[in-house]
Every structure is written in C-alpha cells, then in structure tokens.
Amino acid sequence: MKYVNYEQLPLMLNAEDIQAVMNISRAMAYQLMHREDFPTIVIGKRMVVPRDKFLEWLEDSVGKR
C-alpha cells in the first residue's frame with residue numbers, strides 16, 4: 001500500500017507498512033525491526049511498531065550514519 005502522508009499510516013505498523021513507507025525490501029524491513037534501536041513491540045510472534053515511535057525514530061535517524 002502506498003501512503004501519501006503520515007496521517008494515513010495505521011497506528012501500529014507491520015513490516016509491509018515499513019517497507020512501503022521507506023521504499024525498502026521486506027527483508028530490510030525485518031532487519032530494521034530486529035535492531036535494538038528500532039521501536040518494535042513483540043506480541044507473541046507478531047512484530048509491530050507504533051506509528052508515533054516510528055516517526056520519532058525516523059526523525060532522529062536523519063543525518064546519522
């Protein structure tokens with residue numbers, strides 16, 4: 001799914017949402033979701049990312065290498 005603005009994002013993002021927003025592969029989205037600094041919540045076997053925490057992480061990551 002393509003998103004036009006941040007308000008269209010669901011409250012909880014899954015790997016496919018991360019993939020679409022960042023224009024990356026699904027594998028890369030899952031790699032991000034396994035990083036210690038990425039705001040992933042694990043519920044059983046499901047991994048989700050709160051929209052507001054994802055946007056904070058994205059803003060904090062701008063300019064970092």
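Where is Asn 23 found? I looked it up and found Asn 23 in the loop between H1 and H2. Helices and strands here are DSSP runs numbered from the N terminus, a helix (H or I) having at least four residues and a strand (E) at least two.

**Entry 1: ground rules**

I noted that this is a predicted model, in which local features need pLDDT of at least 70, side-chain atom pairs count only at pLDDT 80 or more, and totals for chains, interfaces and linings use all residues. Residues are numbered from 1 along each chain as its sequence is written, and side-chain values use heavy atoms, with hydrogens and water left out.

**Entry 2: Asn 23**

I checked the backbone of Asn 23 and found a positive phi of about 55 degrees, although Asn 23 is not a glycine. I then looked up its accessibility: Asn 23 counts as exposed, at 69%. The scale calls a residue buried under 20% relative accessible area, exposed over 50%, and partly exposed in between, using a 1.4 Å probe and protein chains only.

**Entry 3: H1 against H3**

I compared helix H1 (residues 15-22) with helix H3 (residues 51-61) and found that their axes come within 13 Å and cross at roughly 40 degrees. That makes H1 oblique to H3. Angles under 35 degrees count as roughly parallel, over 145 as roughly antiparallel, 65 to 115 as roughly perpendicular, and the rest as oblique. The axes are lines fitted to C-alpha atoms, for helices over the stretch in contact, and the angles run from 0 to 180 degrees between N-to-C directions.

I listed the residues that meet: Ile 18, Val 21 and Met 22 from H1, and Phe 54, Trp 57 and Leu 58 from H3. Contact means heavy atoms within 4.5 Å. By class, this contact has 6 nonpolar residues, no polar ones and no charged ones. Nonpolar covers Ala, Val, Leu, Ile, Met, Phe, Trp, Tyr, Cys and Pro, charged covers Asp, Glu, Lys and Arg, and the others, Gly among them, are polar.

**Entry 4: Met 22**

I looked at Met 22, which is in helix H1. Met 22 counts as partly exposed, at 26% relative accessibility. Leaving aside neighbours within four places in sequence, Met 22 is in contact with Leu 32, Phe 54, Trp 57 and Leu 58.

**Entry 5: aromatic rings**

How many aromatic pairs does a search of the whole structure find? The search finds 3. Rings of Phe, Tyr and Trp (its six-membered ring) pair if their centres lie within 6.5 Å; planes under 30 degrees apart count as stacked, over 60 as edge-to-face, and the rest as tilted.

I took Phe 38 and Phe 54 as one of the pairs: their ring centres are 6.2 Å apart and their planes stand at 70 degrees, so the pair is edge-to-face. Phe 38 lies in the loop between helix H2 (26-33) and strand E2 (41-43) and Phe 54 in helix H3, so the pair ties together parts 16 residues apart in sequence. Phe 38 is buried, at 4% relative accessible area, and Phe 54 is buried at 0%.

Phe 38 and Trp 57 have ring centres 4.7 Å apart and planes at 75 degrees, so this pair is edge-to-face. Phe 38 and Trp 57 are 19 residues apart, and both are buried. I noted that Phe 38, Phe 54 and Trp 57 form one aromatic cluster.
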